[in-house]
Amino acid sequence: MKKAKAALLTSPKTFEIREFDIPEIGDDEMLVKVEACGVCGTDAHEYLRDPFGLCPVVLGHEGTGEIVAIGKNIKTDSAGLPVGLGDRIVTCIIPCGKCSVCKTMPERTNLCENCGIYGLFPDDDIHLNGYFSEYLVIRPNSTFFNVTGMSLDMRILVEPAAVAVHAVERAKKTGQLKFNTKVLVQGTGPIGLLVISVLRTLGIENIFAVDGNDSRLEIAKTLGAGNTYNFMKYESFDKLLQAVKSDTNGIGADFVFQCTGSAKAAENAWKFVKRGGGMCEVGFFMDGGPSTINHHFDICNKEIDLVGSWVYTPQDYPTTFDFLKRAVGIGLPVEKLVTHKFPLDKIGEALETNVAMSGIKVAVVNK
Ligand SMILES: NC(=O)c1ccc[n+]([C@@H]2O[C@H](COP(=O)([O-])OP(=O)(O)OC[C@H]3O[C@@H](n4cnc5c(N)ncnc54)[C@H](O)[C@@H]3O)[C@@H](O)[C@H]2O)c1
Ligand SMILES: [Zn+2]
Ligand SMILES: [Zn+2]
């Protein structure tokens with residue numbers, strides 16, 4: 001039986017490269033030879049502390065690869081496009097199809113109560129469940145998309161870009177986003193930078209970015225942020241707020257995307273929003289603890305339109321492909337967001353690079 005190497009996180013900060021048997025593929029399954037997978041902040045949390053209690057686990061959910069075996073019942077991807085051997089794919093969520101969300105809100109399967117995603121699966125006897133591996137077994141009822149022809153770096157960006165696309169789609173529901181809207185993005189990690197790119201691709205020109213890292217803010221500028229603020233360089237939050245207000249006609253931003261996992265940042269985000277403005281909270285995939293809201297000043301008196309944003313739906317993936325294509329079309333250097341590549345046996349270094357925030361998107365790449 002052929003074997004595949006996979007990086008098993010056995011306990012916090014400990015990867016073991018193990019060999020597992022590649023199983024026979026069923027009629028509704030596929031075997032994917034992994035080409036690359038981005039490292040996500042969620043992987044870093046799991047690597048450092050195992051908050052999801054998944055260890056031992058094969059992580060890696062921002063991946064892509066080539067179909068090397070395909071069950072006879074699989075003819076098309078989740079958008080209805082034909083797929084076959086040799087095609088490149090990315091996977092999306094695996095909704096259960098049975099819970100009340102799947103049954104009553106089929107357009108919001110991101111909220112499925114038992115939603116699965118490759119790379120955050122509990123270990124089982126197949127083991128090849130995440131993209132930090134040479135092979136991945138795609139199970140029945142998965143959602144996946146044929147991305148043959150897209151560059152490897154673009155394919156690495158699809159999953160985080162889908163998070164950004166979903167956040168902007170949620171924000172659009174408030175009716176606040178127009179060509180001349182002044183949008184502030186707090187946090188310019190991969191998610192915030194991709195949100196900026198989506199906004200710019202939509203034609204929004206007044207983008208304000210806040211972070212504590214100058215090199216990330218420089219990248220924000222290349223993607224369309226006109227004004228950037230390093231919060232570390234201000235004496236106090238009030239001074240930063242004054243600076244933002246003086247650049248927004250004295251009233252604050254029309255709309256804020258909160259793209260950090262910091263409770264303190266979340267507490268501050270409300271202050272940037274003008275009266276009658278809006279906010280999208282996208283930064284808390286992990287529980288970053290409670291933060292203080294003054295319901296009078298922050299919400300009621302400002303009559304804020306608030307939306308939360310939780311991962312993405314399969315419907316967001318085709319939109320994400322369009323976004324990536326258009327971003328390149330208008331000259332945004334999105335591919336440059338992939339800053340580091342490590343082979344699978346250096347996965348520990350890949351995770352440490354992510355934790356140190358010395359790059360933007362760090363990827364693990366197989367030969
Ligand atoms: N909603 C979702 O479905 C979803 C999906 C993926 C990621 N996320 C979350 O989005 C957040 C961003 O993801 P990422 O990959 O870009 O993470 P990241 O950690 O690389 O980026 C966060 C950025 O926020 C900045 N920051 C920290 N404190 C700040 C403050 N007070 N003011 C301004 N900036 C500050 C940091 O310098 C960093 O550049 C994470 O917390 C992650 O959990 C959410
Ligand atoms: Zn991710
Ligand atoms: Zn469900």
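## Before we start

Residues are numbered from 1 along each chain as its sequence is written, while chains are lettered from A and ligands numbered from 1 in the order in which they are written. Since the model is predicted, local features need pLDDT of at least 70 and side-chain atom pairs count only at pLDDT 80 or more, while totals for chains, interfaces and linings use all residues.

## Two domains

The chain splits into domain 1 (3-149 + 333-365) and domain 2 (161-308), with bounds from an automatic or database domain assignment. Their centres, taken over C-alpha atoms, are 30 Å apart.

Where they meet, 10 residues of domain 1 are in contact with 9 residues of domain 2 (in contact: C-beta atoms, placed from the backbone, within 7 Å). On the domain 1 side, helix α1 (residues 41-49) gives the largest share, 3 residues. (Helices, H or I of at least four residues, and strands, E of at least two, are DSSP runs numbered from the N terminus.) That side has 6 nonpolar, 3 polar and 1 charged residues; here Ala, Val, Leu, Ile, Met, Phe, Trp, Tyr, Cys and Pro count as nonpolar, Asp, Glu, Lys and Arg as charged, and the others, Gly among them, as polar.

## The nonpolar core

The largest nonpolar core holds 107 residues, and the ones touching the most other members are Phe132, Ala164, Val183, Val195 and Ile196. (Such a core is a set of buried Ala, Val, Leu, Ile, Met, Phe, Trp, Tyr and Cys residues joined through C-beta atoms within 7 Å; buried means 20 or more other C-beta atoms within 10 Å of a residue's own, exposed means 12 or fewer, and partly exposed is in between, with C-beta atoms placed from the backbone.) Helix α3 (residues 152-172) gives the most to this core, 12 residues. Domain 1 and domain 2 both supply residues, so the core lies between them.

Take Phe132: leaving aside neighbours within four places in sequence, its contacts include Ala6, Cys37, Val58, Leu344 and Val364.

## One face of a helix

In helix α10 (residues 347-355), the buried residues are Ile347, Ala350, Leu351 and Asn354. Seen down the helix axis, they fall within an arc of 95°, so they line one face of α10 (the arc is that of the directions from the axis to the C-beta atoms).

## Around ligand 1

Ligand 1 is surrounded by 29 residues, and the closest are Gly187, Gly189, Gly261, Ala265 and Phe285 (a residue counts as near if its C-beta atom, placed from the backbone, lies within 6 Å). Elements giving two or more residues to this shell are α4 (190-201), β9 (206-211) and α7 (263-272); α4 gives the most, with 3. The shell divides into 13 nonpolar, 13 polar and 3 charged residues.

Most residues other than glycine have a negative phi, and most peptide bonds are trans. Lys13 has a positive phi near 65° and sits in the loop between β1 (3-11) and β2 (14-21). Lys13 has 14 C-beta neighbours inside 10 Å, so it counts as partly exposed.

Val311 also has a positive phi, about 35°, but it counts as buried because it has 20 C-beta neighbours inside 10 Å. Finally, a cis peptide bond with omega about 0° joins Cys55 and Pro56, and Pro56 lies in the loop between α1 and β4 (62-70).

Notes. Contact = placed C-beta atoms within 7 Å.
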